[in-house]
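Here is a short report for a reader new to this structure. Look at the sequence and the model, then read on.

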Amino acid sequence: MPSDFISKRSSTLSPFYVMDILAQAKKLSQQGRTIYHMEVGEPDFATVECIVDAGIDALKQYKTHYTPATGIPELREAVAEYYERKFSVKIDPQRVVITPGASGALQLAMICLLDAGENVLLSDPGYPCNRNIAQVLAVESKTIPVSSLSNYQLDADLVARHWTDKTRAVMVATPSNPTGTLLPEDQLKELCQLVEQKNGRMIVDEIYQGLVYDADDYTALEISNECFVINSFSKYFGMTGWRIGWMVVPEFYIDAIDRIAQNIFLAPPTVSQYAALTALKESTQSVLDERRDEFKKRRDFLLPALERLGFAIAAKPQGAFYIYANCESFTDDSFTWVKQLLDEQGVALTPGIDFGSHLANKHCRFAYTQSLEILEQAVDKIDAFIQR
Ligand SMILES: Cc1ncc(COP(=O)(O)O)c(C=O)c1O
């Protein structure tokens, strides 16, 4: 028997603290308790029927083989047309790479841009997997604390102050997870100018594009052709389990990304690519927009309801389906507080610690990926917990 061993990079990989919460929620649910799931980062809606039908048709036609590593040409073209239809931006379909979710795209971008020992700048709080992918690649993630002063996003000033001679890339997400805040267009423009000047690259994660409320949606491609722009069919298109996304890369990187994709993934999932063709059709958009309107209604209920309970929300979330709330009037240990809330009232949230370390113990994330009725009940439960 060989002795058990594990690579340092995997043994030191951070877990999601919310997994503890999920395990506890499952246990309580098995005991017959009602659980209010506000920790889930995916739409509660099932994939739209016409998209599912397109997937079934693809299977029935035995579209079950590998495709090119960068995806089927018709989907790459459909993505390019989507940008033209929605944002009047013309891009060469050759720059579109189809990936296994935004997760696949994030990995490709980091592998392509960063060598071991170099660093990428990220916001704290921010999407946790970015830090973890960097760690696996022996790339340093330099997290920069952000606040409502910059809409919980990076800006040119913050990036200039944290830039080192090892910095190669800056990663942002608009709207952001966990804060739901947008990166205002001129803030991104200044960031792009700075990063281009410093010979680095911007990676702009637009996975929540389409889920933007009372603000104009835009794409970084309107600003620059030099960014890596990441997107996904997971959120607005409601296809999390299909594992399909895309990335638009600067022309110079097309060949490198193709080679990396061949080696890491071989190809994105075939059936999902055919289903995604239907997701991008103009005729599918009305259902998806109805769902977006439903998310907006939920945010419009939840945001003032949480503020009334005593949570502080420093920057209004204008997109995604998250509210990142300061809970310091109740606790300075949000992880323990979130566990107690679940235990006593059955409401599951994500603790701030999952998104970084900056004031993490004073924050938690609410996902409004449940019906308005369930959200109303959950708010009553949280109220009871606070009043106890
Ligand atoms: C900001 C952000 N980027 C990327 C992802 C990964 O999404 P997927 O791989 O399902 O497209 C997520 C998932 O929650 C996310 O919140």
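Which residues of helix 10 are buried? They are Ser-272, Gln-273, Tyr-274, Ala-275, Ala-276, Thr-278 and Ala-279.

## Ground rules

This is a predicted model; local features need pLDDT of at least 70, side-chain atom pairs count only at pLDDT 80 or more, and totals for chains, interfaces and linings use all residues. Residues are numbered from 1 along each chain as its sequence is written.

Helices (H or I, at least four residues) and strands (E, at least two) are DSSP runs, numbered from the N terminus.

## Helix 10

Helix 10 spans residues 270–279 and is mostly covered. Seven of its 10 residues are buried. A residue is buried if 20 or more other C-beta atoms lie within 10 Å of its own, exposed if 12 or fewer, and partly exposed in between; C-beta atoms are placed from the backbone.

The cover over these buried residues includes helix 3 (49–60), helix 4 (73–87), strand 2 (96–99) and helix 11. Contact here means that the C-beta atoms of two residues, placed from the backbone, lie within 7 Å.

## Two domains

The domain assignment of the protein gives domain 1 (8–46 + 285–387) and domain 2 (49–283). Such bounds come from an automatic or database domain assignment. The C-alpha centres of the two domains lie 25 Å apart. Their contact takes 32 residues from domain 1 and 35 residues from domain 2.

On the side of domain 1 that touches domain 2, helix 11 (282–309) and strand 9 (322–326) are the elements that give two or more residues. Helix 11 provides the largest share, seven residues. By class, this side has 15 nonpolar, nine polar and eight charged residues. Ala, Val, Leu, Ile, Met, Phe, Trp, Tyr, Cys and Pro count as nonpolar, Asp, Glu, Lys and Arg as charged, and the others, Gly among them, as polar.

## Helix 5 and its partners

Helix 5 (residues 101–113) packs with helix 6 (residues 128–136) at an angle of about 40°, their axes 10 Å apart. That makes helix 5 oblique to helix 6. Axes are lines fitted to C-alpha atoms, for helices over the stretch in contact, and angles run from 0 to 180 degrees between N-to-C directions. Angles under 35 degrees count as roughly parallel, over 145 as roughly antiparallel, 65 to 115 as roughly perpendicular and the rest as oblique. Ser-103, Leu-106, Gln-107 and Met-110 in helix 5 meet Cys-129, Asn-130, Ile-133 and Ala-134 in helix 6. These residues divide into five nonpolar, three polar and no charged.

Helix 9 (residues 254–264) also meets helix 5: the axes come within 10 Å and cross at roughly 120°. The two helices are therefore oblique to each other. From helix 5 come Gln-107, Leu-108, Ile-111 and Cys-112; from helix 9 come Ala-256, Ile-257, Ile-260, Ala-261 and Ile-264. This contact has eight nonpolar residues, one polar and no charged.

## Backbone details

Most residues other than glycine have a negative phi, and most peptide bonds are trans. Tyr-152 has a positive phi of about 60°. Tyr-152 lies in the loop between strand 4 (140–145) and helix 7 (156–162), and counts as buried, with 23 C-beta neighbours inside 10 Å. Asn-199 has a positive phi of about 70°. Asn-199 is exposed, with 8 other C-beta atoms within 10 Å.

Where is Pro-125 placed? Pro-125 is in the loop between strand 3 (119–124) and helix 6. The peptide bond from Asp-124 to Pro-125 is cis, with omega near 10°. The bond from Asn-177 to Pro-178 is cis, with omega near 20°.
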